[in-house]
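Here is a short briefing on one protein chain. Please look over the sequence and the fold before reading on.

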Amino acid sequence: MEVVPAEQSQVDRAYEQLSEEIIRGELVGGVHLSEVALAERLGVSRTPLRQAIQRLTLEGLVKTTPGRGAFVSELTLSEIANLFQMREALETYIARLHARAGDRSEFEGLRADFEAQQTILRTARRIEDHIDDCYALVARMDAALYDGIVNPYLDEAARAMRRNLRRIRQIARRTPVRMAATIEEHLAICQAIHAGDEDQAAKATAAHINNSFHNILGVIAADAGIPGTPR
(Lines give C-alpha, C1' and ligand atoms only; values in the text may rest on other atoms or scores of the structure.)
Protein backbone atom coordinates (compact mmCIF):
# COMPACT_ATOMS: atom_id res chain seq x y z
CA MET A 1 0.00 0.00 0.00
CA GLU A 2 1.43 3.36 -1.05
CA VAL A 3 1.84 5.86 1.77
CA VAL A 4 1.01 9.45 0.81
CA PRO A 5 3.20 12.05 2.59
CA ALA A 6 1.20 14.24 4.98
CA GLU A 7 2.14 17.43 3.12
CA GLN A 8 1.09 15.99 -0.25
CA SER A 9 -2.20 14.89 1.29
CA GLN A 10 -2.78 18.48 2.43
CA VAL A 11 -1.97 19.76 -1.07
CA ASP A 12 -4.51 17.41 -2.65
CA ARG A 13 -7.17 18.23 -0.06
CA ALA A 14 -6.74 21.99 -0.46
CA TYR A 15 -6.67 21.68 -4.25
CA GLU A 16 -9.85 19.59 -4.43
CA GLN A 17 -11.74 21.80 -1.97
CA LEU A 18 -10.82 25.07 -3.63
CA SER A 19 -11.40 23.80 -7.16
CA GLU A 20 -14.88 22.56 -6.22
CA GLU A 21 -15.75 25.87 -4.55
CA ILE A 22 -14.64 27.77 -7.67
CA ILE A 23 -16.47 25.43 -10.04
CA ARG A 24 -19.70 25.62 -8.01
CA GLY A 25 -19.46 29.41 -7.89
CA GLU A 26 -18.99 29.60 -4.13
CA LEU A 27 -15.71 31.41 -4.76
CA VAL A 28 -16.61 33.89 -7.49
CA GLY A 29 -14.32 35.50 -10.04
CA GLY A 30 -12.13 38.26 -8.67
CA VAL A 31 -12.15 37.01 -5.06
CA HIS A 32 -8.78 37.31 -3.33
CA LEU A 33 -7.45 34.02 -1.97
CA SER A 34 -5.97 34.98 1.38
CA GLU A 35 -3.39 32.39 2.42
CA VAL A 36 -3.90 33.03 6.13
CA ALA A 37 -7.69 32.77 6.01
CA LEU A 38 -7.74 29.77 3.67
CA ALA A 39 -5.09 27.84 5.59
CA GLU A 40 -7.12 28.25 8.77
CA ARG A 41 -10.44 27.39 7.12
CA LEU A 42 -9.13 24.33 5.27
CA GLY A 43 -6.98 23.11 8.15
CA VAL A 44 -3.73 23.01 6.17
CA SER A 45 -0.40 24.76 6.48
CA ARG A 46 0.54 27.56 4.10
CA THR A 47 3.20 25.67 2.12
CA PRO A 48 0.85 22.96 0.78
CA LEU A 49 -1.81 25.64 0.27
CA ARG A 50 0.58 27.56 -2.00
CA GLN A 51 1.23 24.37 -3.98
CA ALA A 52 -2.51 23.81 -4.36
CA ILE A 53 -2.96 27.38 -5.60
CA GLN A 54 -0.13 26.84 -8.09
CA ARG A 55 -1.98 23.82 -9.51
CA LEU A 56 -5.18 25.85 -9.78
CA THR A 57 -3.22 28.60 -11.54
CA LEU A 58 -1.89 26.14 -14.12
CA GLU A 59 -5.47 25.02 -14.79
CA GLY A 60 -6.68 28.59 -15.26
CA LEU A 61 -9.01 28.64 -12.26
CA VAL A 62 -6.77 31.07 -10.38
CA LYS A 63 -4.62 34.00 -11.48
CA THR A 64 -1.67 35.28 -9.50
CA THR A 65 -0.35 38.83 -9.60
CA PRO A 66 3.11 39.65 -8.22
CA GLY A 67 2.80 41.82 -5.15
CA ARG A 68 -0.98 41.34 -4.93
CA GLY A 69 -1.46 37.61 -4.48
CA ALA A 70 -3.85 35.04 -5.94
CA PHE A 71 -7.37 35.69 -7.19
CA VAL A 72 -10.12 33.49 -8.60
CA SER A 73 -10.00 33.96 -12.36
CA GLU A 74 -12.96 35.66 -13.99
CA LEU A 75 -14.79 34.06 -16.89
CA THR A 76 -14.42 36.67 -19.60
CA LEU A 77 -15.95 36.26 -23.05
CA SER A 78 -12.46 35.90 -24.49
CA GLU A 79 -11.56 33.10 -22.07
CA ILE A 80 -14.84 31.29 -22.72
CA ALA A 81 -14.26 31.53 -26.48
CA ASN A 82 -10.72 30.20 -26.11
CA LEU A 83 -11.93 27.31 -23.97
CA PHE A 84 -14.60 26.32 -26.49
CA GLN A 85 -12.07 26.45 -29.32
CA MET A 86 -9.88 24.04 -27.39
CA ARG A 87 -12.90 21.90 -26.55
CA GLU A 88 -13.86 21.57 -30.21
CA ALA A 89 -10.32 20.60 -31.20
CA LEU A 90 -10.06 17.97 -28.46
CA GLU A 91 -13.54 16.49 -28.51
CA THR A 92 -13.92 16.16 -32.27
CA TYR A 93 -10.62 14.27 -32.33
CA ILE A 94 -11.64 12.09 -29.38
CA ALA A 95 -14.99 11.33 -31.05
CA ARG A 96 -13.10 10.16 -34.14
CA LEU A 97 -10.90 7.89 -32.00
CA HIS A 98 -13.94 6.22 -30.45
CA ALA A 99 -15.68 5.86 -33.83
CA ARG A 100 -12.71 3.92 -35.21
CA ALA A 101 -12.31 1.76 -32.08
CA GLY A 102 -13.08 -1.95 -32.27
CA ASP A 103 -15.43 -2.07 -29.27
CA ARG A 104 -18.12 0.62 -29.36
CA SER A 105 -20.69 -1.22 -27.24
CA GLU A 106 -20.62 1.40 -24.47
CA PHE A 107 -21.99 3.97 -26.88
CA GLU A 108 -24.79 1.63 -27.90
CA GLY A 109 -25.92 1.60 -24.26
CA LEU A 110 -25.62 5.37 -24.04
CA ARG A 111 -27.58 5.75 -27.28
CA ALA A 112 -30.47 3.80 -25.77
CA ASP A 113 -30.35 5.90 -22.58
CA PHE A 114 -30.36 9.18 -24.51
CA GLU A 115 -33.33 7.97 -26.56
CA ALA A 116 -35.18 7.14 -23.34
CA GLN A 117 -34.33 10.55 -21.86
CA GLN A 118 -35.46 12.23 -25.06
CA THR A 119 -38.85 10.52 -24.74
CA ILE A 120 -39.15 11.64 -21.11
CA LEU A 121 -38.46 15.28 -21.99
CA ARG A 122 -40.97 15.25 -24.85
CA THR A 123 -43.77 14.30 -22.46
CA ALA A 124 -42.55 16.20 -19.38
CA ARG A 125 -44.70 18.97 -17.98
CA ARG A 126 -41.63 20.69 -16.53
CA ILE A 127 -38.18 20.14 -18.02
CA GLU A 128 -36.69 21.63 -14.85
CA ASP A 129 -37.78 18.49 -12.95
CA HIS A 130 -35.44 16.36 -15.08
CA ILE A 131 -32.36 18.60 -15.26
CA ASP A 132 -30.32 16.58 -12.75
CA ASP A 133 -31.03 13.31 -14.58
CA CYS A 134 -30.03 14.91 -17.88
CA TYR A 135 -26.76 16.25 -16.51
CA ALA A 136 -25.99 12.87 -14.94
CA LEU A 137 -26.45 11.23 -18.35
CA VAL A 138 -24.27 13.86 -20.03
CA ALA A 139 -21.62 13.21 -17.35
CA ARG A 140 -21.68 9.50 -18.24
CA MET A 141 -21.15 10.44 -21.87
CA ASP A 142 -18.22 12.67 -20.92
CA ALA A 143 -16.70 9.83 -18.91
CA ALA A 144 -17.08 7.43 -21.82
CA LEU A 145 -15.35 9.89 -24.14
CA TYR A 146 -12.49 10.87 -21.85
CA ASP A 147 -11.75 7.93 -19.55
CA GLY A 148 -10.36 5.84 -22.39
CA ILE A 149 -7.69 8.36 -23.37
CA VAL A 150 -4.28 6.66 -23.37
CA ASN A 151 -2.23 9.61 -24.62
CA PRO A 152 -0.87 11.26 -21.42
CA TYR A 153 -0.50 14.70 -23.04
CA LEU A 154 -4.05 14.61 -24.37
CA ASP A 155 -5.29 13.39 -21.00
CA GLU A 156 -3.57 16.23 -19.12
CA ALA A 157 -5.02 18.86 -21.46
CA ALA A 158 -8.48 17.30 -21.22
CA ARG A 159 -8.50 17.23 -17.41
CA ALA A 160 -7.74 20.94 -17.11
CA MET A 161 -10.31 21.80 -19.76
CA ARG A 162 -13.04 19.70 -18.15
CA ARG A 163 -12.64 21.46 -14.80
CA ASN A 164 -13.17 24.81 -16.47
CA LEU A 165 -16.12 23.43 -18.45
CA ARG A 166 -17.82 22.36 -15.22
CA ARG A 167 -17.61 25.97 -14.11
CA ILE A 168 -19.18 27.21 -17.34
CA ARG A 169 -21.96 24.62 -17.11
CA GLN A 170 -23.22 26.40 -14.02
CA ILE A 171 -24.17 29.20 -16.44
CA ALA A 172 -25.83 26.76 -18.85
CA ARG A 173 -28.07 25.46 -16.05
CA ARG A 174 -29.96 28.76 -16.21
CA THR A 175 -31.52 27.74 -19.55
CA PRO A 176 -33.30 24.41 -18.94
CA VAL A 177 -35.20 24.80 -22.23
CA ARG A 178 -31.89 24.11 -23.99
CA MET A 179 -31.66 20.66 -22.35
CA ALA A 180 -33.92 18.91 -24.87
CA ALA A 181 -31.62 20.03 -27.70
CA THR A 182 -28.57 18.97 -25.68
CA ILE A 183 -29.94 15.45 -25.28
CA GLU A 184 -30.72 15.27 -28.99
CA GLU A 185 -27.20 16.43 -29.87
CA HIS A 186 -25.58 13.85 -27.59
CA LEU A 187 -27.78 11.18 -29.11
CA ALA A 188 -26.50 12.12 -32.58
CA ILE A 189 -22.90 11.81 -31.35
CA CYS A 190 -23.59 8.38 -29.81
CA GLN A 191 -25.27 7.14 -32.98
CA ALA A 192 -22.35 8.24 -35.16
CA ILE A 193 -19.72 6.71 -32.86
CA HIS A 194 -21.60 3.43 -32.56
CA ALA A 195 -21.96 3.31 -36.35
CA GLY A 196 -18.22 3.82 -36.73
CA ASP A 197 -18.71 6.99 -38.79
CA GLU A 198 -15.71 9.18 -37.88
CA ASP A 199 -16.71 12.17 -40.00
CA GLN A 200 -20.28 12.25 -38.69
CA ALA A 201 -19.09 11.79 -35.10
CA ALA A 202 -16.78 14.80 -35.46
CA LYS A 203 -19.47 16.83 -37.22
CA ALA A 204 -22.10 16.08 -34.56
CA THR A 205 -19.62 16.90 -31.79
CA ALA A 206 -18.67 20.22 -33.39
CA ALA A 207 -22.35 21.14 -33.83
CA HIS A 208 -23.09 20.44 -30.16
CA ILE A 209 -20.11 22.49 -28.98
CA ASN A 210 -21.04 25.41 -31.25
CA ASN A 211 -24.65 25.37 -30.01
CA SER A 212 -23.49 25.21 -26.39
CA PHE A 213 -21.15 28.15 -26.92
CA HIS A 214 -23.88 30.34 -28.40
CA ASN A 215 -26.24 29.38 -25.59
CA ILE A 216 -23.65 30.54 -23.04
CA LEU A 217 -23.21 33.82 -24.93
CA GLY A 218 -26.99 34.30 -24.89
CA VAL A 219 -27.16 33.84 -21.12
CA ILE A 220 -24.30 36.27 -20.54
CA ALA A 221 -25.87 38.83 -22.89
CA ALA A 222 -29.22 38.52 -21.10
CA ASP A 223 -27.55 39.00 -17.72
CA ALA A 224 -25.89 42.13 -19.07
CA GLY A 225 -29.25 43.46 -20.26
CA ILE A 226 -28.36 43.52 -23.95
CA PRO A 227 -31.53 44.22 -26.00
CA GLY A 228 -33.00 41.34 -27.96
CA THR A 229 -31.94 38.60 -25.54
CA PRO A 230 -34.46 36.68 -23.40
CA ARG A 231 -34.31 37.03 -19.63
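Gly196 is partly exposed, because its relative accessible area is 29%. This residue sits in the loop between helix 8 and helix 9 (198–223). The model is a predicted one.

**The loop glycine**

- Setting aside residues up to four places away in sequence, Gly196 touches Ala99 and Arg104.
- Gly196 and Thr65 lie 48 Å apart in space, C-alpha to C-alpha. In sequence, 131 residues separate Gly196 from Thr65.

**The chain as a whole**

- The chain has nine helices and two strands.
- Along the sequence, the order of elements is α-α-α-β-β-α-α-α-α-α-α.
- Taken along the principal axes, the C-alpha atoms fill a box of roughly 55 × 50 × 30 Å.
- The chain has 231 residues, and 40% of them count as buried.
- Take the contacts in the chain with a separation of 6 or more: 75% of them join residues 24 or more positions apart.

**Helix 5 with helix 8**

- Helix 5 covers residues 105–123, and helix 8 covers residues 179–195. Their axes come within 9 Å and cross at roughly 155°.
- That angle is over 145 degrees, so helix 5 is roughly antiparallel to helix 8.
- The crossing of helix 5 past helix 8 is left-handed.
- From helix 5, the contact draws on Phe107, Glu108, Leu110, Arg111, Phe114, Glu115, Gln117, Gln118 and Leu121.
- From helix 8, the partners are Met179, Ala180, Ile183, Glu184, His186, Leu187, Cys190, Gln191, Ile193 and His194.
- By class, the contact of helix 5 with helix 8 holds ten nonpolar, five polar and four charged residues.

**Helix 4 with helix 7**

- Helix 4 (residues 77–99) packs against helix 7 (residues 152–172) at an angle of about 130°. The two axes are 10 Å apart.
- At this angle, helix 4 counts as oblique to helix 7.
- Helix 4 passes helix 7 in a left-handed crossing.
- On the helix 4 side, the contact residues are Ile80, Leu83, Phe84, Met86, Arg87, Leu90, Glu91, Tyr93 and Ile94.
- On the helix 7 side, they are Leu154, Ala157, Ala158, Met161, Asn164, Leu165, Ile168 and Arg169.
- The residues in the contact of helix 4 with helix 7 comprise 13 nonpolar, one polar and three charged.

**Ile80 in helix 4**

- Which residues does Ile80 touch, not counting residues up to four places away in sequence? They are Leu75, Ile168, Phe213, Ile216 and Ile220.
- Ile80 belongs to helix 4.
- The C-alpha atoms of Ile80 and Ile168 are separated by 8.0 Å. Along the chain, these two residues are 88 residues apart.
- Ile80 has a relative accessible area of 0%, so Ile80 is buried.

**Helix 2 with helix 3**

- Helix 2 spans residues 35–42, and helix 3 spans residues 46–58. They pack at an angle of about 105°, with axes 10 Å apart.
- This angle makes helix 2 roughly perpendicular to helix 3.
- Helix 2 brings Glu35, Val36, Leu38, Ala39 and Leu42 to the contact. Helix 3 brings Arg46, Leu49 and Arg50.
- The contact of helix 2 with helix 3 has five nonpolar, no polar and three charged residues.

**Cysteines**

- How many disulfides does the chain have? The count comes to zero disulfides.
- Cys134 is in no disulfide. The nearest cysteine sulfur to it is that of Cys190, 14 Å away. A disulfide needs sulfur atoms within 2.5 Å.
- Cys190 is likewise in no disulfide, with the sulfur of Cys134 as its nearest cysteine sulfur.
- Cys134 counts as buried because its relative accessibility is 0%.
- Cys190 is buried, with a relative accessible area of 0%.

Key. Residues are numbered from 1 along each chain as its sequence is written. This is a predicted model: local features need pLDDT of at least 70, side-chain atom pairs count only at pLDDT 80 or more; totals for chains, interfaces and linings use all residues. Side-chain values use heavy atoms; hydrogens and water are left out. Axes are lines fitted to C-alpha atoms, for helices over the stretch in contact, and angles run from 0 to 180 degrees between N-to-C directions. Helices (H or I, at least four residues) and strands (E, at least two) are DSSP runs, numbered from the N terminus. Angles under 35 degrees count as roughly parallel, over 145 as roughly antiparallel, 65 to 115 as roughly perpendicular and the rest as oblique. A crossing is left-handed if the near helix is turned anticlockwise from the far one by less than a right angle, and right-handed if clockwise. Contact means heavy atoms within 4.5 Å. Ala, Val, Leu, Ile, Met, Phe, Trp, Tyr, Cys and Pro count as nonpolar, Asp, Glu, Lys and Arg as charged, and the others, Gly among them, as polar. Buried means under 20% relative accessible area, exposed over 50%, partly exposed in between (1.4 Å probe, protein chains only).
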